[in-house]
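Please read the points below with the structure open beside you.

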Amino acid sequence: MKRHSTTFQLSEIKSSRVLKLLLKLDVSKATSLDQISNKILKLAGPVICKQLTDLCNLSVKSGVFPNDWKLAKVSPIHKTGERNDANNYRPISVLLTIARIFEKHIYEQLYDYLCKNDILDSRQSGFRSLHPTVTALFDLTNQWCFNIDRGMISGVVFLVVFLTKLEHVGVRGHSLEWFNSYLTNRYQFVYINGILSEQNMIKCGVPQGSIFGPLLFLIYINDLSNITDFEIMNI
């Protein structure tokens, strides 16, 4: 795992940016556990932007992501087929809008840092502009077929700790503490027919529905191609 010499530092957000994000909210989105709709936040944007900015910047200064912003409301959404079959539903996780606004700010900082320092692998596809996953799928399929024709198998094993990978790409010190706070002690509730379940801790992964999820996944697998194209073993 390559250790980059550059260092990423969280920066504070301006109230003008918070207001802009509030005014761009989609009022059709579902309401989170705080029961504050996007419509209300959008209308109140000019009044509350200063206070929200102070809260976000306090999080940056302290290196702590508020626990109340980590709660997720998970609702089953019917896909198709019989409604009495649980397999025909998919879970949708709704996070607090205020938390997502702050995530957007941190996401833009981190993604800009990764791009400027050429940290994301050029072969990394998905969740990136002009990097379609179809190309990556064709390449992998071709290599798998090549190995099969030669009587070989391809194996990949993930044995990494995500915070360690963040540290290696330059997220260190106070900024790393913030990400550690963001990822830990997260809880979710299931919401069905107006009733909330008991809370359950999210023990692994990144929160579904978060703005950070796709980018953190890219960092997690970014150096996979540097290990080897494929670990090939004779059957």
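1. Start with Cys56, which has 2% relative accessibility and therefore counts as buried. Bear in mind throughout that the model is predicted. Cys115 has a relative accessible area of 38% and is partly exposed. How many disulfides does a search of the whole structure find? The search returns zero. For orientation, a disulfide is a covalent bond that joins the sulfur atoms of two cysteines.

2. Next come the aromatic rings. The count of aromatic pairs is 14. In one of them, the ring centres of Phe102 and Trp178 are 5.7 Å apart and the planes stand at 90°; planes over 60 degrees apart count as edge-to-face, so this pair is edge-to-face. Phe102 belongs to helix α3 (residues 97–116) and Trp178 to helix α6 (residues 173–183), so the pair links distant parts of the chain, 76 residues apart. Both Phe102 and Trp178 are buried.

3. A second pair to look at is Phe162 with Tyr220. Their ring centres lie 6.5 Å apart with the planes at 40°, so the pair is classed as tilted. Phe162 is in helix α5 (residues 162–168) and Tyr220 in helix α7 (residues 213–221), so the pair ties together parts that are 58 residues apart in sequence.

4. Ring pairs join Phe65, Trp69, Phe102, Trp178, Phe179, Tyr182 and Phe212 into a cluster.

5. The charged end of Lys165 sits over the ring of Tyr220, at 6.0 Å from the ring centre. Arg186 lies over the face of Tyr182, 4.7 Å from the centre of that ring.

6. Last, look at the second largest pocket. Its volume is about 490 Å³. Which residues lie nearest its centre? Of the 18 residues that line this pocket, they are Leu25, Lys29, Asn38, Thr97 and Arg100. At least two lining residues come from each of α1 (15–23), β2 (89–95) and α3. By type, the lining of the second largest pocket has eight nonpolar, four polar and six charged residues.

Key. Residues numbered from 1 in each chain as written. Predicted model: local features only at pLDDT ≥ 70, side-chain atom pairs only at ≥ 80, totals over all residues. Heavy atoms only, no water. Phe/Tyr/Trp six-rings, centres within 6.5 Å; stacked < 30°, edge-to-face > 60°. Helix = DSSP H or I, 4+ residues; strand = E, 2+ residues; numbered from the N terminus. Buried < 20%, exposed > 50% of the residue type's maximum accessible area, 1.4 Å probe, protein only. Lys NZ or Arg CZ within 6 Å of the ring centre and 35° of its normal. Disulfide = S-S within 2.5 Å. 1 Å grid on protein atoms, 1.4 Å probe; cavity = no way out; pocket = protein on both sides within 12 Å on 5 of 7 lines; lining within 4 Å. Points joined across faces, edges and corners; volume = space filled by probe spheres on them. Nonpolar A, V, L, I, M, F, W, Y, C, P; charged D, E, K, R; others polar.
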